[in-house]
Structures are given as C-alpha cells and as structure tokens.
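Subject: Structure for you to look at

Dear colleague,

I am handing over the structure below, and my notes on it follow. Please read them with the sequence and the model open beside you.

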Amino acid sequence: MTTMVVNNHLEREKMVSSIAMVMTLVSFSMLFATLMLGYVAYRFTAEVWPPLGMQRASLGLPTISTVIILMSSFSYFLSENSFLQGKLKAFRAYYFFTLMLGLAFMVSQLFLWKNLKLIGIYVDSTVFGSIIYAFTWIHAAHVVGGILALLFLIPSIRGTRDGGKSQIWLQNVGQFWHFLGIIWVIIYFGIFVF
Amino acid sequence: MKNKIFTEPVLKNTENLGFFEMLAPPEDISANGHLIDWLFNYTTSMNLFFFILVCIGLFGFSYLYHNKRHPKPYYTYGNKKAHIIIATVIGIAVFLCIDLMITGFSNNHYTGVFINWPDESKEDVVRVQVLGQQWAWNFRQAGEDGVFNTQDDIVTLNDLRVPANKKVVFQILSKDVIHSLYFPNARRKTDAIPGRITRMWIEFKKTGNYEIACAEMCGTYHYRMAAKLTVYEEEDYGHYLAEAGQIHRAVNDPEDGQIYWGWKWTSASSSKKIGMNK
Amino acid sequence: MAFYEQHIHPKPTTFLSKYIFSFDHKVIGKQFLWYGILFLFVGGLMALMIRWTLAYPGQPFPVIGSFLFPETGGAVPPDTYAMLFTMHGTIMIFYAITPILIGAFGNFCIPLMLGARDMAFPLLNMLSFHVAVISGLLLMGSLFTPLGAAAGGWTSYPTLSTLIGSPGVGQTLWSLAIFVLGVSSTMGAVNYITTIITLRAPGMGYFDMPLTIWGLGLTAVLNAIFLPVLGAGVLLLIFDRVFGTTFFLAGAAATTGTGDPVLFQHVFWIFGHPEVYILILPAWGIVSDLLSFFARKPAFGAKATALAMTSITILSTLVYGHHMFTTQMSPLLTQTFMTLTMTISIPSAIFFTNWLGTIWKGSIRFHSPMLFSLGVVFVFGLGGLTGLYLGTVTTDLYLHDTYFVVGHFHYTMAASVLLGGFAATYFWMPKMFGTLMNEFWAKIHFWITMLGLNGVFFGMMLVGYGGMHRRIYNPFIYEFTQKLIPINTFTTWSAIIMGFAQIIFVINFVHAVFFKKEKASDNPWEVGTLEWTIPSPAPHYNFKDIPVVKCGPHELGNPNVIGKDFQYQTEELA
C-alpha cells in the first residue's frame, strides 16, 4: 500500500486545503465556463454583432480594469514572495497595495457601468447589453468575495497567526485572487475586445 | 361540488374496450408513423428478452441460493477468466442487439424520412405556418397567391384542415412561451419556440377528425391547448380551400396588424441551417 | 496519498452544540435525514394530490382538500395543479433525494467507512446543512406568495419561467432557492472529495473502499463540476426576472430581446443529465455493497463495478442532448447525442451482470436491506431499459413529454433511489441510532411499497405509450386520452397504497429511534467494513484508534476463516 501517515500538522493542512481549493476553483470555473459558453452561442448565432443599433463599449475603461487587476495579481505575488523570504515590511506594503488595487478595480467597474449607460447600453437593451452587465456583475461579486478573502489575511499581517498557517492562507487566498484575474482577462478579451 | 372550470366532457364509450385496446396508442393516420411503432416494438421485444434474463437471475438465484438451501457461499471475486468473459459477452450482446440496432434504424428513419424535407421546388406540398400562443394554436395557409402573410391567407384558430396523401410541411413558431405541436395520431411532436422556426412534415393517410395537443408545459391552461385536425380527401380539400379563401378574403381586415403574424416561407431544403436559424 | 489523524473533538454538551450547530458528521447526517424525510412527506403529499386530480379531475381531494382549496370546494384548481407538479419535482429531486442519499448517508458513511474521525472540513459541513435549510425555507416560503409558487415545471424552461409566463415572485424565489441549494451541495461535494482523498485509513487504497464510497465520491465529483452550471443558468434566469436582462427572451414576446430560450435548456440539461446520475450513483454503490453483504460472498467484479460507475459518470456528461430532440437541434448533434447515449448501456450491463453475479451461488439472507437492494435491481432494470426508447430519436419524437418519460424517470430516479435509500436506512440504523428496526414490518413495508410503486410507475408508462402527455391537468379533455382513464385510476390507487405503506416505515422508524429499548449489537449484520468495528451507535469520536486496513470491504464467505463467515477490514486476509 502506498499510504503514508502524515502527522505533521502543517503538512496535512496544506495538502487538505490545496485539494479543496482545486475543487473549489473547478466549481467556480464551471460557473464562468457556462457563462462564456452562453456568450459564444449568442455570438455565433447572431447575424450581426453587436446587434443593430448597438455600439461597442469603448475599450478604455475595461483596459484600465485589466491593467489594475493584473497589477494586483502581480502585487499579490510579490507580497507572498516577500513573506516567504521573511521580508515582513515588504509583505505588508504589497498586501495593502493589492487590497487598494482590488478596491480600485471595483471603482473602475462602477465607472464602466456608468459609462455604458452613457453610450446607451442598458441591461435590457438586447442580449448584448445583458451579457456585458451580467458577466461583469457576476465577476464583480466574486471580486468582492476576493477582497473579503484578502481581509482574512489581516491576522497574518498583524503577526498574530503563526508562520506556517499564514503561508497556507496566503497560498489559498492567492489562488482565488489570481483566478479572478484570469477570469477578468477572459471576459475582457471575449466580450470587450472581440 | 363542480366548479365551472371543469367542463363536463363528452365521454366516448370506453367501457367495452379490451385491456390491450385500451393500452394501444392512438390510431396511426400518417404515412410514416408505423416506423416509430415498429421501432418501439423492436425495442420492446429486445428489452423483454433481456429483462426476463435479469428476472430469471434475480428470482432464480434468490430462490436457489437462499441461505436455507445453500448455506455455503462460493467464495469468488468474480475475477476468473470465465467470469470476465461472461460479463463482457453480456455487455456486448446488449450493446449489439439493442443499442446498435436501434441507433441504426432510428438514424436511418430520422435522416431518411423524418428530416428528409420534401423538395418544394419539385414536389407539390401543403404549407402550413403554425403559431403557438397561450393557450391556442394559430394555423396559416397561404391561400390562392401561394404567398404567406397576405390578405388571402387562410388563418384559423385551433382548426387545421389538410388533405390526405400529400406531404404537409409545417413551420412552427411561438408567440410567448415554448409549446409543442403534438399529433398523437401521427406519433410526432415538434416544439414551438419563440424566436426560432422549427419544422416538421407529415403525410396523412386517413381522412377524418383527429386531435392536436400541446405537449410542452406552457402555463395553467396547458391541458386545454387542443386543436382539431381534419384530414380531407384531396377533392374535398380543394372545395374547402376555395370556400375558406373567399370567406377569409372577406373577413381579413387589412388594417388589422394583428392578423399578419406570418412570415416569409423559406423551404427547408434551401436553408442549410435547419434548427439553427433565429 | 496520505492519511492523517484528526484530533478527538471534545464531546459537545449543550443542546445547541449537540443537535443544531454540531460539527459532528454523524449529527449532520441525521439532520439531513430528518430534513429529507420532512420534504419527502411534503413532496409525497403533493404527488397524491396530482394523482388524485388525474384520476378524478374536479372532485375534491379527500380529507384535507376542502381545507387547502376552499374556493373550489376541495378540488385542486388548475393553477395550483401546475404549482404542485413543479414543487413535487423540485422537492423530490433537490430536497428529498439529495439530502437523504447524499446529505445524510454521504455524511454519515464517508468518514465511518473510511476510518476517519470526521470530515476534512467539519465547519464547512455544518454550514452546508444550514445553507440547505435556508434554501428549503426560501422554497417553502414561495408557496405563500401572492401568486403562488413556481409553476413552470421543475425544468423551468424559459420563456415560461420568465416574467412573460410567470409574473409572480414565486418563480424568483424558486430560482434563488435552487441557487442557494447549489451552493450548499457544492460545499458538501468539495468536502466529500477532500475527505475521500485525504482521510482514507492507512492501508486503504481506492479499490479497498466500499462501493458506497465510490458512488458517493463520484456523485460529489459530478456535483462539484455541474451544479455551478445550473447555478449559472438560474442566475441568468434571476437576472432576466429581476434586472430585466434578456438572455432567454425572444420572439414576439420580447420587446427588445434577441435572447434564446433554448440556451437555458442546453445549460439546464448539461447539468440535468449528470444530475440523474448524481441521484442514482450513491444508490448503486449502496446496492452493490449490500448485495454482497447479504449474499455472504465478495462483490462480483467489484473493481469492474467501480470502473463502470466511473465510466458512466464520464459518459453522463456527454449525452445531455437527448432531452432536447424535439427542439430540433442540428441533425449532426442529434445523431451524436443518440449514439453517445446508447453507449451508456455497456457499463449498465456490466452492473447487472455483477449484481447478479454477486448473488449467484451466494448464501442469501433475506433481511430487509437485502430485499430493498434486490428491489433496486428489479426497478432499475425496468427503468434503464425503458430509457432506450427515449434515447432513440424517432421513438422519442412520439414519447417525448408523455407520461412514458415520467414513468421512466420515476423508475430510475424515484423508485431505485427511494428503495436504495430505504435499504440504507434499514442497514445503517443500528450505527446511526443504536437500534434495529422491526424486521417483520420492514418486510411488509417492502412488499407493499414494491407493489404500489410498480403499479404507479408502470401505469404511467402505459398511459404514456397511449399518448397521454405530461403535466396535463385533466385527461378528460382529449378523446385519445379518455380511454386511458381506467389506467389513470389504477395508477392513482397504486400511489395511494404506496403512500400509505410509508406510514408503516415512519412508525417503525420513529419507534426505533425514540422508543425502542432493545439495543442493537455492534455488528448485527455481520459485515466487515470499518463502521462495524466500533460500538453502536457510533461514539462521537468514531474511532478511538485509527484502524489500519488490511483487506477489502467484501471479505465474506472465505473458507479459510474459522469461526465466522466474514472478516473485518482490519484483519489480515486469511
């Protein structure tokens, strides 16, 4: 039998949580995959896209959002790295930067929605508008979840959580945060660019 | 206590039916319904064969190997060569006898008959546009000019009249929710979907009065979304058309936009994207 | 993979920590069991009202009818009828079968059969139940909204389920309830998968797991992957209803829409077909185990059964299109889905050979769990074979949306799963509550249920073949359904018999749980899986010392073992 008994507390927590995280991300991916599948179906059965009377959303704001969320992912990566190297100061700085970028992303989304209304794309103006709004809403809701997940790292920031545990927390929250970044990039290219 | 929503139905005499007459599906009046019945019966006979095998195993073993009769079980994991061969053979036998056969037949019937759209440029077919709505069926035939959505169209509500021995091509659409145009006597149904046209063709063989139903849940009065189907001899159908055409020309109010719910007819053989058109 | 030893939690002392906010998987399992039984009762009552209406349309429902529907003098009105069958389907699938088989027995059996002290994430487990309760409240709450509950069928196809077809808030609550329940089940699924991967007792390889665990594990995988698909679908439906998006609106009804109602069907059935297997896989696993336990010989081809389950799990994700033949997909898709559907019969045939192989030359003890398991083999045989008509395009053109479909899926999902659930309840009763249920009444319960159940579901298939379509309120309307009225009446009376048979079960169950003095022994069925190595009922820490597994779960009837005819999994193979 190939079973080994792991009694190291941290090892086991790392293993368990990473398996669970993978499954969770698979679930979330299926949610977004379904949405994208729906989008592809609409897109390829439509004769003209965007539908008559609609204009494409300008790329400006979505691009800014993309840059922000990619920067936040990178900043998170740096934050985690500095933690692993024991540079606590840099860890904190990058963490707050990530958090700020997360909030900035939400603000950019608010502007995006406002801007869409200005150029006449509403929720109920054909499935084109519906897709843009619904997908960004769902993604934004997950980003709010992601920001809440970031807040769960506060004990690590304040140093009240032990190092090994913090490492696991950082890794799992990070996976979710990067996942949201990837989803946004797919939405950006799928819906706004093409 | 009877509420007025429960209209007392005119019951046909069902007392004298034998058990199997009672079970029989509605009378088949179409040219190709027998294909479906035949495949059903084929599947049934195969299913019966394998189900009886299962039952023999189930009840036979239950009897033979009751712990009173057979106190010492045979210790095996079922991984001997013979066991694996038997299991594989049974699996393959089921697949070959039932699945492959019915897939093959069904495939042939489906592509060869049911979606083998009559070539409307060569063949004389009857064209009907169907619009489902909560809770009624609207039927539209082109009338004399052969063009849909004009004043001489014969538009009827819950009343479809077609000739026998001639292919009838339906284009089906829904106004509100999804319905399903269901001809029990032809063994056919096709969904009526808002926003996309679906098609069906049937050749009726027997004249008479039959029923059309809605098979897809479409709201509270789904159960009452019934229509009448009248199949005429070719000759009578001609009389009907002439008569109805006159009446409809008189009745159809050209100012009333409501009556022009029809659409331009495109024959299925000319449109490649069957079912994908929006 | 690896196993780790969990701590022994302190014994909960207060009522709240013991029964309401318990982290203990066994308590959560029992919570799900009661939750499921409660909803089973509600759903069953709805079924009886539906059946009554079909046999005696316009006549008052006996006893409680005049109280429930005073404005029609006790008869079920047509709009309520639509709500009834919608809620019946929803409740039975999502709120009765799922909690009982996956929630209750999943939670209860997985750690015990794996030799673990609890699930990998006890807190998540507890939350999963409480989220399910919220979902149940949302659903039941929708019954009391002004325009009533959802009435678009459990499939809730748009545009009927959008504001066009159902303006009431009930449909929104329905969608929300399903979404929330999806969250709950996904949480459970992640937990189950992690537990099965990481918490198998030392020495237990995947093929040393009981087949029950295989079934539950594969179910969890399907849940984790496909519930989010349904989640996305109902989320868009909620958006359509609440925020005015136009995903599923089209045609004349939509003022601005260019959406597509058929897309929902695709999404629904991408989830919906695996859902059928989500429901049946645990029952298959349980039955495969129980047949071996009571035939006193190893499960025939256990590895093949496990692999067949796995391949069905994979195939189930590829065949969903057979639910949509009448929407006229492209011929190529139609043919592909038909052919893929047919391949499912290969693993199914392997099941049946293995099940029959298991009882072949056994020494069968006909205790109640065994009777129910044999019942599953019988009804699933009927259910599986009748599926062939529906997977075939041309016969489906006739049978789609008729009662034949209703009969078929009740045979597969309702009958087999119900019988499987009963088998599991009778079997694990001693480990759950420390007592055995009365055998005599259990057998009576089995035979009456079996008679009633076959009467109901076979009757449904017969009227379906006669052409009677689904979800109609009054079969007297059509001439071609009028001759089917005697069969409808027969079906209804079978349903009533089946319904009343459950009273026997409830009394037996409640008596065994609360009033029975006589305690069960630790291993009343004489089987060797890990849960039977510990006292009955299982103590809150399950295993004082984590067991080390040395042989498979079905070591029965080994002639080398002396003194008993089974081996515990902790014993070296003789």
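In chain B, strand β7(B) is largely enclosed by the rest of the structure, because five of its five residues are buried. Please keep in mind throughout that this is a predicted model. From β7(B), the residues B:Arg188, B:Thr190 and B:Ala192 point one way, while B:Lys189 and B:Asp191 point the other way, and all are buried. In general, the side chains of a regular strand alternate between the two faces of the sheet.

Where does β7 of chain B sit in its sheet? The sheet is an open one of five strands with mixed pairing, and its order in chain B is β4-β10-β9-β6-β7. Its edge strands are β4 (159-163) and β7 (188-192) of chain B, each of which pairs on one side only. From one strand to the next, the twist averages 25°.

The partner of β7(B) is β6(B), and the two pair in the antiparallel sense over five bridges; within this pairing, B:Tyr182 stands opposite B:Lys189 in β7(B). Together β6(B) and β7(B) form a hairpin with four residues between them. One residue that deserves a look here is B:Arg187, which lies in the loop between β6 (179-183) and β7 of chain B. The phi of B:Arg187 is near 60°, a positive value in a residue other than glycine. B:Arg187 counts as buried because it has 26 C-beta neighbours inside 10 Å, where 20 or more are required.

**Helix packing in chain C**

In one of them, helix α8 (residues 261-295) of chain C packs against α11(C) at an angle of about 20°, with the axes 8 Å apart. Since angles under 35 degrees count as roughly parallel, α8(C) is therefore roughly parallel to α11(C). The crossing of these two helices, α8(C) and α11(C), is left-handed. From α8(C), the residues C:Trp284, C:Ser288, C:Leu291, C:Ser292 and C:Ala295 meet C:Phe351, C:Trp355, C:Thr358 and C:Ile359 of α11(C). By class, this contact of α8(C) with α11(C) has six nonpolar residues, three polar and no charged ones.

In the other pair, helix α2 (residues 25-55) of chain C and helix α17 (residues 485-515) of chain C pack at an angle of about 160°, with their axes 8 Å apart. Because angles over 145 degrees count as roughly antiparallel, that is how α2(C) lies relative to α17(C). Here too the crossing, in which α2(C) passes α17(C), is left-handed. Among the residues of α2(C) in this contact are C:Gly44, C:Arg51 and C:Trp52, and among those of α17(C) are C:Asn488, C:Ala495 and C:Gln502. The contact of α2(C) with α17(C) divides into seven nonpolar, seven polar and one charged residues.

**Backbone details in chain C**

How is the peptide bond between C:Pro158 and C:Thr159 arranged, cis or trans? The bond joining C:Pro158 and C:Thr159 is cis, with omega about 5°, and C:Thr159 is found in the loop between α5 (122-142) and α6 (169-198) of chain C. A cis peptide bond also leads from C:Ser536 to C:Pro537, with omega near -15°, and C:Pro537 is placed in the segment after α17 of chain C.

C:Val63, which is not a glycine, has a positive phi of about 60° and lies in the loop between α2 and α3 (65-68) of chain C. C:Val63 is exposed, because 9 other C-beta atoms lie within 10 Å and the limit for an exposed residue is 12 or fewer.

**Where chains B and C meet**

The contact between these chains takes 96 residues from chain C and 93 residues from chain B. On the side of chain C that touches chain B, the largest share, 10 residues, comes from helix α11 (residues 345-359) of chain C. By class, that side of chain C has 52 nonpolar, 34 polar and 10 charged residues.

With best wishes

Key. Residues numbered from 1 in each chain as written. Chains lettered and ligands numbered in written order. Predicted model: local features only at pLDDT ≥ 70, side-chain atom pairs only at ≥ 80, totals over all residues. Contact = placed C-beta atoms within 7 Å. Nonpolar A, V, L, I, M, F, W, Y, C, P; charged D, E, K, R; others polar. Axes fitted to C-alpha atoms, helices over the stretch in contact; angles between N-to-C directions. Parallel < 35°, antiparallel > 145°, perpendicular 65-115°, else oblique. Left-handed = near helix turned anticlockwise from the far one by under 90°. Pairing = 2+ DSSP bridges.
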